[in-house]
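Dear colleague,

I am passing on the structure below so that you can look through it alongside my notes. Please keep the model open while you read.

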Amino acid sequence: MITLTKDSGPADLDGVTHLSIGVSWDPTAGSSGGVVGLLRRKSGTDLDLIAVAMQGADPVRLAGLDSLDPMGNGSLVHSGDNQTGRGDGDDETVTVEFARIPEQITSVVFVAAAFKKGSSFQKARNISFKVYDATGGSAQQVADIWPSLLSQDNGCAVAKAMRVGNSWKLEVINVTGKIKQGDEHALMRFAISK
């Protein structure tokens with residue numbers, strides 16, 4: 001089993017055949033009380049977990065939003081869009097099966113974003129990203145990543161899986177930044193910069 005932190009640098013994924021990244025959050029009322037606060041908590045906020053498959057410096061596939069299996073072979077699979085953050089456990093996950101990733105894909109960048117207009121990290125609380133070794137069908141958590149609560153940003157580069165020869169490494173990034181909401185090109189440029 002691997003253990004990951006931002007300070008430890010890239011970790012070898014030797015023996016890891018399946019890797020999952022999950023994001024979870026809870027809806028918040030913000031500073032609103034009463035009926036308005038109740039309505040805000042009920043409607044929740046929509047955060048998105050997106051995996052960007054890279055060929056060198058070029059983004060070529062996107063898992064998330066409305067694309068659940070962008071490779072068409074089950075190598076990069078998104079669990080689907082949770083638009084509220086309600087419920088226990090991870091609200092959205094992306095699972096990578098390394099042996100099926102096409103040879104030309106050199107890295108996969110995992111980004112969480114308040115991508116849709118009207119959503120924001122400030123409308124959510126208890127945001128966390130979990131990394132799992134899902135080899136053998138059971139998921140063992142290997143990292144728990146918490147972005148800063150003080151950030152006014154709407155995107156977080158969570159982690160990056162990189163192909164190194166015939167093996168893969170995973171690096172925890174946990175860097176926030178601004179992404180123009182609703183703009184997939186801005187999302188991809190953010191991923192490229194990480």
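From the N terminus on, the elements run β-β-α-β-β-β-β-β-β-β-β-β-α, which gives two helices and 11 strands in the protein; helices (H or I, at least four residues) and strands (E, at least two) are DSSP runs, numbered from the N terminus. This is a predicted model, in which local features need pLDDT of at least 70 and side-chain atom pairs count only at pLDDT 80 or more, while totals for chains, interfaces and linings use all residues. Residues are numbered from 1 along each chain as its sequence is written, and side-chain values use heavy atoms, with hydrogens and water left out.

Of the 194 residues in the protein, 49% are buried, where buried means under 20% relative accessible area, exposed over 50%, and partly exposed in between (1.4 Å probe, protein chains only).

Next, the sheet. Six strands form an open sheet in the order β1-β11-β10-β7-β3-β4, with antiparallel pairing; two strands pair if DSSP finds at least two bridges between them. The edge strands are β1 (11–12) and β4 (58–63), each of which pairs on one side only. Within this sheet, β10 (residues 155–164) and β11 (residues 167–177) are joined in the antiparallel sense over nine bridges, and Ala-157 has Val-175 in β11 as its bridge partner.

The loop between β9 (140–145) and β10 holds Asp-153, and this residue counts as buried because its relative accessibility is 17%. Its side chain makes a polar contact of 2.8 Å with the side chain of Thr-176, a polar contact being a pair of N or O atoms within 3.5 Å (within protein, one must be able to donate a hydrogen and the other to accept it, and residues adjacent in sequence count only if both atoms are side-chain atoms). A polar atom of the Asp-153 side chain also lies 3.3 Å from the backbone nitrogen of Gly-177.

Finally, the cores. The largest nonpolar core has 37 residues, and those with the most contacts inside it are Leu-76 and Phe-110; such a core is a set of buried Ala, Val, Leu, Ile, Met, Phe, Trp, Tyr and Cys residues joined through side-chain atoms within 4.5 Å. Several strands each supply at least two residues of this core, including β2 (18–27), β6 (92–97) and β8 (124–133). Apart from it lies another core, of 17 residues, among them Ile-50, Val-52, Leu-62 and Ala-113.

Best wishes
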